Amino acid sequence: MQNELLFDRALVEKYDRPGPRYTSYPTAPQFHAVFAEDDYRAAAARSNSADTPKPLSAYVHIPFCESLCYYCACNKIITHNRERAAEYLAWLKHEIQLQGELFDDTRRMTQLHLGGGTPTYLSNDQLAELMEALDSAFHFAAPHEREFSLEVDPRTVTPEQIHELRAFGFNRLSFGVQDFDPDVQQAVNRVQSEEQVVGLMQAARDAEYDSISVDLIYGLPLQTVASFDATLDKIIALKPDRIATYSYAHLPSLFKSQRLIRDEDMPPPERKLELLELIIQRLMAAGYVYIGMDHFALPDDELALARENGTLQRNFQGYSTHADCDLIGLGITAIGKVGDTYGQNVKETAQYQHRLESGRLPVMRGYRLSDDDRLRRDVISTLMCHGEVDFAVIEAAHGITFSDYFAEALTSMDAMQADGLVKISERRLDVLPAGRLMMRNLAMAFDAYLTPREERYSRTV
């Protein structure tokens, strides 16, 4: 796949509408409470008995934050009471023990991601305790086989702690920068200095992390093209291995914290497109490869290499370089993917504690995929990771005739083909440079569950 990306503002405006991010298919709105703990346990048992059991992966949700970032739509608990984190960690370790009993000892954990909230709200001693519990339950793979990542709020750690985290086994860090402009930071209640970030990134390089990522958000209050260009200057100078640039979804009717942002501070709708165009121009000129969706990486980063050689994967954390794993979700709201199922934990800490006190897993809802779901998931994942779909490969894997099975979907893409987003021939589908920004729109053509109630999703561009 070539690193070609065409920004056509008229096309972006035409196709920018709400739609799923497809970190799973079916997407989370299809999960239901009929899927319960016994279904999850049965899925784990089936995964153990597969001819070749998959490696294990885990997502651990640490919900705590010291202060509220007004833009945030994540599940979080704002508190200065550190005892709450200690209590949560105790219950989390109990869940880890129960989950560990479900998976064969011969399997190894190759992927781990700590998200939140703020994972570094936990002290390094608590994080060490957590890692020990995870290793005991799930048996970490050899260091060279691991991708262990951690989201870092630069306001919560020191350079010394960055070195300690590396010693715990983490080899990838993601720094939440969002924007360096002080007025923007003040408007969203996330004030951190450029010096903090520079010092932490240097510590991460000194500690020899395999990959360092930076998260940015565009479309925040008070952002201008000039102010964000200055932020990009500083980010490019730091040269992180990966950069994620997220479009801010302002949905104050759904998220109370966003109501604290002043309406008059929000940029006009056209500003986001100007910022997106700026991001693409600046990062690609600086040598970054566009991976897909919101992600850029340096050409020698594993993510860019995986995209080039066709081994790129997609999961709940976005794009990944590792083979498909059975993903175990740990902590409140965490989502897992085991075998042909998805499962999600309860959302409240009181429910979480109650389930675990009674010796039960805190699975609240989930979903078991049908044959049609697995087929469509394969098509959507292939499209989003590789920018092309070879009909013969899908036909061989699923026993269908692609053009017949997806006749309606292919017909629905006529306008996209006419607009130069995609080329559909007799035996394949190829995303064109103008269509790479609209990958979610292309994937939506193969989604059997989309309804007019798309307001629940962020906009596709």
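The exercises below, each with a worked solution, concern a predicted model.

**Exercise 1. The faces of helix α13**

Determine which residues of α13 are buried, how they are arranged about the helix axis, and what covers them.

Solution. 
Step 1. Helix α13 spans residues 391–398, and its buried residues are Phe391, Ile394 and Glu395.
Step 2. Viewed down the axis of α13, the buried residues fall within an arc of 100°, so they line one face of the helix.
Step 3. The general rule behind such a pattern is that an α-helix has 3.6 residues a turn, so residues three or four places apart point the same way.
Step 4. Val393, Ala396 and Ala397 are exposed and sit on the face of α13 turned away from its buried side.
Step 5. The cover over the buried residues of α13 includes the helices α12 (371–386), α14 (402–405) and α15 (407–412). It also includes the strands β17 (388–390), β18 (422–424) and β19 (428–431).

**Exercise 2. The two ends of α13**

Describe what is found at the start of α13 and which residue follows the helix.

Solution. 
Step 1. At the start of α13, a side-chain oxygen of Asp390 comes to within 3.0 Å of the backbone nitrogen of Ala392.
Step 2. Gly399 follows α13 and has a positive phi, near 65°.

**Exercise 3. Two annotated cysteines**

Locate Cys65 and Cys69, state whether each is buried or exposed, and list their contacts beyond four places in sequence.

Solution. 
Step 1. An unreviewed UniProt entry carries the annotation "binding site" for Cys65, Cys69 and Cys72.
Step 2. Cys65 belongs to strand β2 (residues 64–65), while Cys69 lies in the loop between β2 and β3 (77–78).
Step 3. The cut-off for buried is under 20% relative accessible area. Cys65 counts as buried because its relative accessibility is 12%. Cys69 is buried because its relative accessible area is 8%.
Step 4. With residues up to four places away left out, Cys65 touches Lys76, Ile77, Ile78, Thr79, Gly117, Thr118 and Tyr121.
Step 5. With its neighbours within four places left out, Cys69 is in contact with Arg155, Val188, Asn189, Arg190 and Ser257.

**Exercise 4. The surroundings of Asp153**

Place Asp153 in the fold, classify its accessibility, and find the polar contact of its side chain.

Solution. 
Step 1. Asp153 is in the loop between β5 (147–152) and α5 (159–168).
Step 2. Its relative accessibility is 7%, so Asp153 counts as buried.
Step 3. Beyond four places in sequence, Asp153 touches Thr118, Thr120, Arg190 and Gln192.
Step 4. With Arg190 there is a polar contact between side chains, at 3.4 Å.
Step 5. Thr118 is also touched by Cys65, and Arg190 is also in contact with Cys69.

Terms used: Residues numbered from 1 in each chain as written. Predicted model: local features only at pLDDT ≥ 70, side-chain atom pairs only at ≥ 80, totals over all residues. Heavy atoms only, no water. Buried < 20%, exposed > 50% of the residue type's maximum accessible area, 1.4 Å probe, protein only. Helix = DSSP H or I, 4+ residues; strand = E, 2+ residues; numbered from the N terminus. Arc of directions from axis to C-beta. Contact = heavy atoms within 4.5 Å. Polar contact = N/O pair within 3.5 Å; in protein donor to acceptor, adjacent residues only side chain to side chain. UniProt positions renumbered as here; feature names shortened; annotations may be inferred.
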